[in-house]
Amino acid sequence: EELSRERLENYSFIVAANVGNLNEYEVSRLEHFVLDGGGLLVFAGELVLPESYNGLFWRDAEEVPEEKSDDEEGAKKPPSLLPAKLLAPVMDETGRNPFKMNLELPGHPCFSTDFPMPKATAFARASFRKFLQTKVESEDRDVRVLARFTDAGRSPAILERIYGRGKVIMVTTTADIDWNRW
């Protein structure tokens, strides 16, 4: 409701933490916001249903029309606002083997901190009980995996997509402590 009425050009970035029930109009506004240079930070959570989010945010490469977008560089619109397709949640149901997170690109600006300890140490201390699996298109050069979980598949934890003149950062766990201990 707020997203439908808010003047997005007043913001440099938007945080969507465990946001469900978005409609096509709101997703279109977010796409244009990021295409025009805005930043979008998306966190998973119980309200982020993979089927719903994939239906709204994800387009396979073959579904993207061939025409170019209206941005001033004339670049083709990326296939999806999200960096990856969302899949089923993974969880440590025992509570004895929480997942850890390893930074793939520790120098990335999203990891800059004012913590008194080194960032790699701060992230290594965090534990995660649940996250959403993702499917990253390997040929998509606009997507980078910034951090991975320590599960057997080294699942992406934090991903980045360049989208037009903006960026989307997706965190596959929650911003709060529902699924983790940040």
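In this predicted model, Ala 157 touches Met 101, Ala 147, Arg 148, Phe 149, Met 170, Val 171 and Thr 172, leaving aside residues up to four places away in sequence. The place of Ala 157 is in strand E8, which covers residues 156-163.

**Ala 157 and its surroundings**

- Ala 157 has a relative accessible area of 0%, and it is classed as buried because this value falls under 20%.
- One of the residues that Ala 157 touches is Met 170; the two are 13 residues apart in sequence, and their C-alpha atoms are 8.1 Å apart in space.
- Val 171 is also among the contacts of Ala 157.

**The pairing of E8 and E9**

- Strands E8 and E9 pair in the antiparallel sense, over 6 bridges.
- Within this pairing, Leu 159 has Met 170 in E9 as its bridge partner.
- The two strands form a hairpin with 2 residues between them.
- Gly 164, which lies in the turn, has a positive phi of about 65 degrees.

**Strand E9 and its pairing with E2**

- Strand E9 comprises residues 166-171 and is mostly covered, with 5 of its 6 residues buried.
- Strand E2, residues 39-43, pairs with E9 in the parallel sense over 5 bridges.
- Phe 43 has Val 171 in E9 as its bridge partner.
- Strand E9 therefore pairs with E8 in the antiparallel sense and with E2 in the parallel sense.

Notes
Residues are numbered from 1 along each chain as its sequence is written. This is a predicted model: local features need pLDDT of at least 70, side-chain atom pairs count only at pLDDT 80 or more; totals for chains, interfaces and linings use all residues. Side-chain values use heavy atoms; hydrogens and water are left out. Helices (H or I, at least four residues) and strands (E, at least two) are DSSP runs, numbered from the N terminus. Buried means under 20% relative accessible area, exposed over 50%, partly exposed in between (1.4 Å probe, protein chains only). Contact means heavy atoms within 4.5 Å.
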